[in-house]
Every structure is written in C-alpha cells, then in structure tokens.
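Hello,

Here is the structure I said I would pass on. My notes on it follow below.

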Amino acid sequence: MGSTLPVRSAALARDTNETKIQLAINLDGGEFPADTDSRLLNATSEHASQSSKSQIISVNTGIGFLDHMLHALAKHAGWSFAINCEGDLHIDDHHTAEDCCIALGYAFNKALGSLAGVARFGYAYAPLDEALSRAVIDLSNRPYSVIDLGLKREWLGKLSTEMVPHCLQSFAQGARVTLHVDCLRGDNDHHRAESAFKALAVAVKMATTRVKGKEGEVPSTKGTLSA
C-alpha cells in the first residue's frame with residue numbers, strides 16, 4: 001500500500017524588476033509538484049545538479065558559490081530542489097542572493113504546511129576539514145535569526161562574504177523559522193561557509209522529521225504554531 005502522508009512540496013515563480021526566480025522543492029525528495037514553472041523545467045545547470053532515485057537537484061542562480069551552498073543544503077537535507085534565477089548581476093550580487101534565499105524560505109514554508117506531527121526542533125554540527133559549524137532551528141513561525149560565521153575574505157568566488165550570513169537570514173525570514181548558525185572554528189572561509197550550510201541541512205532534516213505516534217499533534221504548549 002502507498003503512503004497516506006501528504007506530499008510536502010511546493011513550486012513558485014517570483015518575478016520583480018531585480019530578479020526572476022522559478023523554484024520547486026519537495027522536502028522528502030522525489031518528484032516536483034505539477035504546477036512547477038515551465039521555465040524551471042527547461043533550465044539547465046551543469047555544475048550544481050544531480051539526479052538519483054531519491055533526489056533531483058538543479059541549482060542555477062548565476063552565482064557559482066551560491067549554487068554550491070544551495071546544492072549542499074538540498075543534498076544533505078534530503079530535498080528534491082530546483083531553482084533558476086535571472087538577476088541584475090550587472091549591479092552586484094545582493095539582489096540575486098537575497099531573493100533566491102527569500103524565495104527558498106517561502107517555498108519551504110509552503111511545502112511544510114501544517115506543523116502537526118513534526119519534530120519542530122533540529123540541531124546539528126557539521127565539519128569540513130578544520131572548520132566546524134553548529135546550526136539550531138525551530139519551526140516556530142516566528143522569523144528570527146542569529147548568524148555568526150566569522151568570515152574574513154571579501155569574496156568567495158563571485159559571492160561577497162557579507163551575503164553568506166545574509167542568505168541564511170533571508171531564508172529564516174521567508175521560512176518563518178528561528179535560526180541560530182555559528183561557525184565555531186576554521187581557517188578557510190570556504191570551509192567555514194560550507195560547514196554552516198551543511199549543519200543547517202542536517203538540522204532542517206531533523207526538525208521536519210515526522211514523529212511516529214505524534215500524527216496530528218502540534219508540537220507546542222499553546223496548541224498552535226500559526227502566526
């Protein structure tokens with residue numbers, strides 16, 4: 001018999017004067033929703049994509065290092081995830097990086113739907129060589145974030161390092177989650193940033209896990225996690 005659990009997926013298109021974004025996500029892997037934008041399905045990504053029996057990932061934001069971070073996030077969170085963005089990179093990287101992560105947050109929140117039966121809280125440590133990061137997330141419906149990655153370089157590829165914590169803040173805002181991410185140690189800024197995104201991925205996977213025996217129960221003393 002097939003699973004009776006609801007599919008946790010969402011698709012959106014977000015077009016502004018600064019960016020044009022198409023995005024699809026399935027929090028449990030597998031197929032994308034039927035209303036996925038055709039522009040996304042026709043897009044290609046050569047360096048931040050993979051397909052397996054459990055996941056489909058295709059990331060093309062126009063910023064290589066951001067692609068790398070979002071690819072790692074999707075992979076280790078267990079998502080199927082695709083995003084395509086045409087942004088005003090002739091100005092700088094800000095609008096593209098910010099809008100992609102806001103849109104990801106919106107889609108994550110939409111896909112998650114009811115919080116009944118999920119773990120709600122998640123935490124993880126993730127190393128990358130000498131770097132070690134910690135992420136703690138609460139699916140609180142109260143957007144708040146504290147991000148401290150201690151990055152020192154001005155750029156990581158074509159992504160300004162100031163945008164790395166801002167991307168995590170933007171995701172938290174769009175997703176309506178409380179998020180704390182700290183890089184505890186590390187000499188290499190690439191390693192520090194990537195370990196942070198990987199820690200977030202594992203924390204998200206824990207928080208969104210469906211808890212057996214808690215079906216239909218809201219994980220809050222208030223009895224609700226709505227706005």
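**Helix packing**

H3 and H4 pass each other in a right-handed crossing, a crossing being right-handed if the near helix is turned clockwise from the far one by less than a right angle, and left-handed if anticlockwise. This is a predicted model, in which local features need pLDDT of at least 70, side-chain atom pairs count only at pLDDT 80 or more, and totals for chains, interfaces and linings use all residues. Residues are numbered from 1 along each chain as its sequence is written, and side-chain values use heavy atoms, with hydrogens and water left out.

Helix H3 covers residues 94–112 and helix H4 residues 163–175; their axes come within 7 Å and cross at roughly 30°. Axes are lines fitted to C-alpha atoms, for helices over the stretch in contact, with angles from 0 to 180 degrees between N-to-C directions. H3 is therefore roughly parallel to H4 (angles under 35 degrees). Residues in the contact (heavy atoms within 4.5 Å) include Cys101, Leu104 and Phe108 of H3 and Cys167, Ser170 and Phe171 of H4. Helices (H or I, at least four residues) and strands (E, at least two) are DSSP runs, numbered from the N terminus.

**Core**

The largest nonpolar core has 61 residues, and Leu23, Ile25, Trp79, Phe81, Phe108 and Leu179 touch the most other members. Such a core is a set of buried Ala, Val, Leu, Ile, Met, Phe, Trp, Tyr and Cys residues joined through side-chain atoms within 4.5 Å. Buried means under 20% relative accessible area, exposed over 50%, partly exposed in between (1.4 Å probe, protein chains only). Leaving aside residues up to four places away in sequence, Phe81 touches Leu23, Ile25, Val59 and Leu104, among others.

**Strands**

Asn84, in strand E5 (residues 80–87), is buried at 8% relative accessibility. Its side chain makes a polar contact of 3.2 Å with that of Asn60 (a pair of N or O atoms within 3.5 Å; within protein, one must be able to donate a hydrogen and the other to accept it, and residues adjacent in sequence count only if both atoms are side-chain atoms).

Val136 belongs to strand E7 (residues 131–138) and is partly exposed at 36%. Among its contacts beyond four places in sequence are Tyr123 and Leu179.

**Positive phi**

Most residues other than glycine have a negative phi. Asp129 has a phi near 55° and lies in the loop between strand E6 (121–128) and E7; Asp129 is exposed, at 63%. Arg176 has a phi of about 60°, sits between H4 and strand E11 (178–185), and is partly exposed at 29%.

Regards

Methods:
Angles under 35 degrees count as roughly parallel, over 145 as roughly antiparallel, 65 to 115 as roughly perpendicular and the rest as oblique.
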